[in-house]
Amino acid sequence: MDFDFSWLLLGLPIAFVLGWLASRFDLRQLKIENRQAPKAYFRGLNFLLNEQQDQAIDAFIEAVQNDPDTQELHFALGNLFRRRGEYQRAVRVHEHLLGRGDLSRADRDRAQHALAQDFLRAGLLDRAEAALQKLEGTRYENEARLSLLAIYERSREWAQAEDVAQKLDESDQASYGTRRAHHLCEQAAERVAAGDLAAAARLLQQAVLLAPEAPRPAIDRATLQLRSGDAAAAFDTLAALSETAPMALPLYAAALQQAAVASQRSGEALALLQRRYVASPSIDVLEAIIALGGTPALPDDSPSDATIAPEPRDGYIAHLAHHPSLVAASRWLAGERFEHEQFHPQVQRSLDQATRPLMRYRCAACGFEAHQYFWHCPGCQAWDSYPPRRVEEL
């Protein structure tokens with residue numbers, strides 16, 4: 001059978017027209033999708049600027065669906081989910097980004113950092129730790145180390161915290177010597193609790209070398225020396241500390257008094273405490289002076305003018321003469337005799353109850369109060385945020 005070429009001549013124009021129409025349809029569809037993506041993006045941006053996060057998320061989801069290859073939209077969407085507390089959705093967005101093979105190295109590091117932030121905000125510290133460790137050697141390295149340091153400090157993993165702080169110290173971004181000394185002191189406390197005093201002494205020696213002017217390493221070292229029976233060394237440690245950190249004296253005045261009594265150096269300790277009391281009066285220093293049998297030197301006295309008190313309670317009266325204090329008044333009244341002595345116990349209990357909050361320490365960063373002095377605030381996790389004075393003296 002012969003082939004009719006007339007059909008071929010007729011079919012070619014028809015095929016051409018159909019192909020042209022199909023291409024025009026695809027181009028039109030592509031233009032419509034490309035117009036929809038920017039419109040959805042700008043609509044989401046407008047909602048975001050107006051603090052309408054729900055509408056912004058819907059708009060960004062629409063934009064991502066129209067153009068799933070847009071990394072910036074994914075990052076914006078993930079950050080919005082995290083800000084709203086929808087951490088699971090934020091994790092899915094950032095894990096989807098990390099699963100893409102066409103992602104650049106810079107965007108992959110950025111997605112890894114965002115994923116670590118998702119886990120941190122969700123409180124999944126173990127997963128956050130693993131995600132942050134993958135950022136070593138990237139431009140997010142220092143930020144990741146700071147976050148790891150916060151994780152280790154919160155979970156009281158002091159050896160790991162000290163390792164990270166050492167890396168930060170070596171990066172020359174800031175000095176972490178004092179913070180590292182705190183980590184070593186915490187490790188020393190754990191060794192003391194375990195009965196390994198020799199290891200604790202070595203850790204405290206390292207802490208003193210790292211932060212020679214910080215009060216905590218010397219105080220902890222003197223406490224350990226007292227516990228080991230070396231009262232003379234403890235006294236020397238604290239006497240030297242009174243020169244480098246005199247404002248922290250209220251924290252170790254009682255230990256200084258105990259070391260002085262045990263090493264038979266009460267007179268030397270009394271003169272030191274009286275001299276510091278004149279410069280910076282404190283109820284803790286006052287009670288150490290009274291425990292040594294002295295009375296505080298008044299501003300117009302010299303230490304030699306006030307050495308031994310006729311009666312220990314007279315030290316509180318001397319303090320009250322220049323520094324009104326409910327705590328000092330309560331301590332003095334505890335030994336006073338009244339006309340109606342049968343009511344004294346009830347009155348004294350009421351006074352003790354009233355003065356108990358005044359004997360607390362207060363964090364200067366968050367206001368958290370505690371009867372115990374903390375080097376690391378349990379409330380805000382800040383270091384050295386507690387003034388070494390009681391609430392009444394602030």
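Which residues does H183 touch, not counting residues up to four places away in sequence? In this predicted model, they are L149, E153, W158, A161, E162, A165 and W383.

**The chain overall**
- You're looking at 394 residues, 39% of which count as buried.
- The chain has 18 helices and 2 strands.
- Among contacts with a separation of 6 or more, 45% come from residues 24 or more positions apart.

**How α7 and α8 pack**
- Helix α7 covers residues 141-154 and helix α8 covers residues 158-170; their axes come within 8 Å and cross at roughly 155°.
- Because angles over 145 degrees count as roughly antiparallel, α7 is roughly antiparallel to α8.
- The crossing of α7 past α8 is left-handed.
- On the α7 side, the residues in contact are N142, R145, L146, L149, Y152 and E153, and they meet W158, Q160, A161, V164, A165, K167 and L168 of α8.
- Sorted by class, that contact comprises 8 nonpolar, 2 polar and 3 charged residues.

**Zooming in on H183**
- H183 sits in helix α9, which spans residues 177-193.
- Is H183 buried or exposed? Its relative accessibility is 0%, so H183 counts as buried.
- The side chains of H183 and E153 make a polar contact at 2.9 Å.

Notes:
Residues numbered from 1 in each chain as written. Predicted model: local features only at pLDDT ≥ 70, side-chain atom pairs only at ≥ 80, totals over all residues. Heavy atoms only, no water. Axes fitted to C-alpha atoms, helices over the stretch in contact; angles between N-to-C directions. Helix = DSSP H or I, 4+ residues; strand = E, 2+ residues; numbered from the N terminus. Parallel < 35°, antiparallel > 145°, perpendicular 65-115°, else oblique. Left-handed = near helix turned anticlockwise from the far one by under 90°. Contact = heavy atoms within 4.5 Å. Nonpolar A, V, L, I, M, F, W, Y, C, P; charged D, E, K, R; others polar. Buried < 20%, exposed > 50% of the residue type's maximum accessible area, 1.4 Å probe, protein only. Polar contact = N/O pair within 3.5 Å; in protein donor to acceptor, adjacent residues only side chain to side chain.
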